[in-house]
Amino acid sequence: MKKTKKLMALAFASIFAFAGCQAKDGESKSTENSDTVKIGAIIPQTGPVSNYGNSSEKGALLAVEEINKNGGINGKKIEWVSYDDKGEITDSTTAYNKLKGENVAAIVGPITSKPALAVSEIAKKDKIPMITPTGTQVNITEGKDNIFRTCFTDPYQGKLLAIFASENQKAKKVAILRNTSSDYSNGIADEFKKEAEKLKLDLVADESYGDNDNDFKAQLTKIAKASPDVLLIPDYYEKIALIVPQARDAGIKAKFIGSDGWDGVINVMDKSQLNLVDGSCFSNHFALDSADQRVKDFVKKFKDKNKEDPSAFSALSYDTVYLLKQAMEEAKSEDKEKVVEKIKNIEFDGITGKFKFNEDNNPIKSASMMEIKDGAYKFNSTVKAD
């Protein structure tokens, strides 16, 4: 693996220098004694989940650029050191060891849950502050003082979706179509099922498929016969783009609801089929069309710089960099233990909402429910679980 991006802080506006250099053995310097704050990142820049990774890094780099223009962190510019993990556990742990060797002050990432969990086990021992912007699997942070996340967890998201189905959609009968190969999908589906029972919703079907499946006719036919009001499909947008047309062909008339993995579905679906997801809703971390001026400013700056709209991955990574900035400034230091303590007690107000961390280092925050209308994402409502 090579270092794919290395952002050196510069004193003049909006210019980043990227280099493929790598620290040699014995050459790492203490970040406390440096004139920069070295922040590491583990990002899937290539491979099947690179769309998530590249969107995440664009958000993080925008935050780095803004912070460096405005004096840096404790008067020091951020040096961004990023490695490509391809969304794979082995590459992710290799990237972590390289960043540890460079004595980074903190790590942003990994982006997806399985690599984030693997790296968290190592980072726990080394006490390096690590924040995954988007790793939702619940055990990433459990029992690890120095491991945090900016997104909500899979179970929390499942609970929110059940509340949304009951209170917003007024559903009586609900169904689930889950990916049993995915901890992400199962974590959301299991909690949705528990909360649905508490809310007295009638779960009329709970069907499943595997990662390599592309034909869902058998499962969808069973669901169609059960006539649910709402069908939960907790998976990533690539699968959603395959499932939805088959679901409509099977005669399913239910409202589709989904998790944050849906973000990006309108970019991968055939334009002639976008009407099939019209009216579908999914939980997300921010709304592109938010009335909040800070969100409007973020969306504009991101679009001006990258010629595309930011995703939730972009917004969460942007917030993660600013969260590290706040913690280091409150600590008046890059000392790892001091920074961890400040993160644990932080009150953060960012693009993806205002939050504090609970005892498992998970943010307590609301979800923005997004609705797909006429080929675009529109804010629907805000949902929060007690």
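Here is a friendly chat about how some terms apply to this predicted model.

Me: Before we start, what should I know about the model and its numbering?

Reply: It is a predicted model in which local features need pLDDT of at least 70 and side-chain atom pairs count only at pLDDT 80 or more, while totals for chains, interfaces and linings use all residues. Residues are numbered from 1 along each chain as its sequence is written, and side-chain values use heavy atoms, with hydrogens and water left out.

Me: Which domain does UniProt list, and what is the chain like there?

Reply: An unreviewed UniProt entry lists "domain: Leucine-binding protein" for residues 36-375; positions follow the numbering used here, feature names are shortened, and annotations may be inferred rather than shown by experiment. Over residues 36-375 the chain is 44% helix and 19% strand, with the end C-alpha atoms 43 Å apart. Helices (H or I, at least four residues) and strands (E, at least two) are DSSP runs, numbered from the N terminus.

Me: Why are α1 and α9 called roughly perpendicular?

Reply: Helix α1 (residues 50-69) and helix α9 (residues 293-306) have axes that come within 11 Å and cross at roughly 105 degrees. Axes are lines fitted to C-alpha atoms, for helices over the stretch in contact, and angles run from 0 to 180 degrees between N-to-C directions. Under 35 degrees counts as roughly parallel, over 145 as roughly antiparallel, 65 to 115 as roughly perpendicular and the rest as oblique. So α1 and α9 are roughly perpendicular.

Me: What makes up the contact between α1 and α9?

Reply: Contact means heavy atoms within 4.5 Å. On the α1 side are S55, K58, G59, L62, E65 and E66, and on the α9 side F298, K301, F302, K305 and N306. These divide into three nonpolar, three polar and five charged. Here Ala, Val, Leu, Ile, Met, Phe, Trp, Tyr, Cys and Pro count as nonpolar, Asp, Glu, Lys and Arg as charged, and the others, Gly among them, as polar.

Me: What about α9 and α10?

Reply: Their axes come within 12 Å and cross at roughly 105 degrees, so α9 is roughly perpendicular to α10. F298, K301 and F302 of α9 meet S314, A315 and Y318 of α10.

Me: At what angle do α10 and α11 pack?

Reply: Helix α10 (residues 312-331) and helix α11 (residues 336-344) pack at about 115 degrees, their axes 8 Å apart. That makes α10 roughly perpendicular to α11. Their contact has seven nonpolar, no polar and three charged residues.
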